[in-house]
Every structure is written in structure tokens, then in C-alpha cells.
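Here is a set of questions and answers on how some labels are given to parts of a protein model. Each answer sets a value against a cut-off.

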Amino acid sequence: MDSTYSSSADELLRNAELRTELEPYADESLTRVNSRSWTLQQENQYLASMLEWEKAPVLPIYQWFDREELALPAPQAVCDELLPGLLDDLARKLYEKHIVLDYTDHLSDRELYRIILYKILPQNEKKIELPGAYRHWDCSRADECGDELEDARIWLTYYASDRQRECWKAVYGDRVPEKRIPCYHRNFPKDESLHY
């Protein structure tokens, strides 16, 4: 039997299996599958990622780790000298779980540690680790209750490009805050691929 034929038949069978498994979760996302522009293999990858998303448990992020791995001290119990190493270790562990920390350089080590400890780790999220897909955590946001204007000011001040700042001013007519260089420079793991 021709190996190309065998491979195509396997992909067709896999496609049927995936669609059957996804039937209980069917919504408009299934209509995003465009079989005319995707290969059958690409379609199957998309359907498999949808199925994984649907079946993934929702857990606080701290439960994604072994208990010993995230035995973290209270912020007041950590001296300033140990914080940078602790943050590097936490950023690496989060990255291994497909979480990337963005926009951290305006925060002091202690401020960032508090955000990780009190906002990121307790957050309920779908525990899913799709190859090449990372959840990006925007640390420029003031808080989850969201003062959107304050969040925008932080981003505009420290991270927006000159073009983004000009676009903001043109769209919103607001006075753009003075551009500043963040006080800290962190070399945390980054990923520029698919965000979710």
C-alpha cells in the first residue's frame, strides 16, 4: 500500500474521531475550521488543540506544580538580596508551565514577587500546555479589578513604542505620559509565538 495513501487515510480517520469527540462541545469555533485553506493535518492539529482545551481542568496556577516546588515564603520573610534569584526561579518555573511574564521591568523585585504570589498563582486557569502556545501575563496591569486608564498609563510610560504612543494620542485624544526607561531589567524567558 502506498504510504501517502496510508497517511491520508490515517488523517481522515483521526479527523472523524476528533470531530466526534468535539461534538458535545460544538460551538462557533468549529466553524473556524477552513478545510479549503488548511491541510488535513493542520485541521487535525487545530481540532486536537480545541479538544485539549475543552477537557483541561480549571485550577489555581499554584496547583499546577508539585507542592515542594512552590513552597514560597511570605514577601516580608525574604531579604532583598535573595529576591532576584527567587524571581528568576519563579519565572523559569512559570515558563515551564507555558506562562510568560510580560512588562515586569517597571516593578521592584518585591512588587513583582507580590504580584506573582497574590495575583498570578491563585488565579484559576485552564491547565493546558499546547506545544508552541504560551499564556502571557501582563504585569503592567494595575490590578484585576482594572483601572484601565492606569494600566494604559503604565504601558504608555514604559513599554509602548513611539508609534504606539502616537496612535494612542490620535485615537483617545488623551495626553500621553512622558516616556520613561524602566528602573529594572529582567531577562525572564520569553516566547513570541501563539498567545492565549
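Q: Where is Y103 placed?
A: In this predicted model, Y103 is in the loop between β2 and α4.

Q: Why is Y103 called partly exposed?
A: Buried means under 20% relative accessible area and exposed means over 50%, with partly exposed in between. The relative accessible area of Y103 is 31%, so Y103 is partly exposed.

Q: What makes the phi of Y103 worth a remark?
A: Most residues other than glycine have a negative phi. Y103 is not a glycine, yet its phi is positive, at about 55 degrees.

Q: Which value does phi of H98 take, and where does H98 lie?
A: Phi of H98 is near 70 degrees, again a positive value in a residue other than glycine. H98 lies in the loop between α3 and β2.

Q: How do you know whether H98 is buried or exposed?
A: The relative accessible area of H98 is 12%. The cut-off for buried is under 20%, so H98 is buried.

Q: What makes a group of residues a nonpolar core, and which members of the largest one touch the most others?
A: The members must be buried residues of the listed nonpolar kinds, joined through side-chain atoms within 4.5 Å. The largest such core has 24 residues, and I61, L94, L101, Y113, I116 and L121 touch the most other members. At least two residues of this core come from each of α3 (83-96), β2 (99-102) and α4 (109-120). There is also a second, separate core of six residues, including L18, L22, M50 and L51.

Q: Which residues does L121 touch, leaving out those up to four places away in sequence?
A: They are P60, I61, Y62, F65, L70, L72, L94 and I116. Contact here means heavy atoms within 4.5 Å.

Q: How many disulfides are counted?
A: A disulfide needs a pair of cysteine sulfur atoms within 2.5 Å. By this rule the count is zero.

Q: How much of the protein is buried, by the cut-off of under 20%?
A: Of the 196 residues in the protein, 37% are buried.

How values were computed. Residues are numbered from 1 along each chain as its sequence is written. This is a predicted model: local features need pLDDT of at least 70, side-chain atom pairs count only at pLDDT 80 or more; totals for chains, interfaces and linings use all residues. Side-chain values use heavy atoms; hydrogens and water are left out. Buried means under 20% relative accessible area, exposed over 50%, partly exposed in between (1.4 Å probe, protein chains only). Helices (H or I, at least four residues) and strands (E, at least two) are DSSP runs, numbered from the N terminus.
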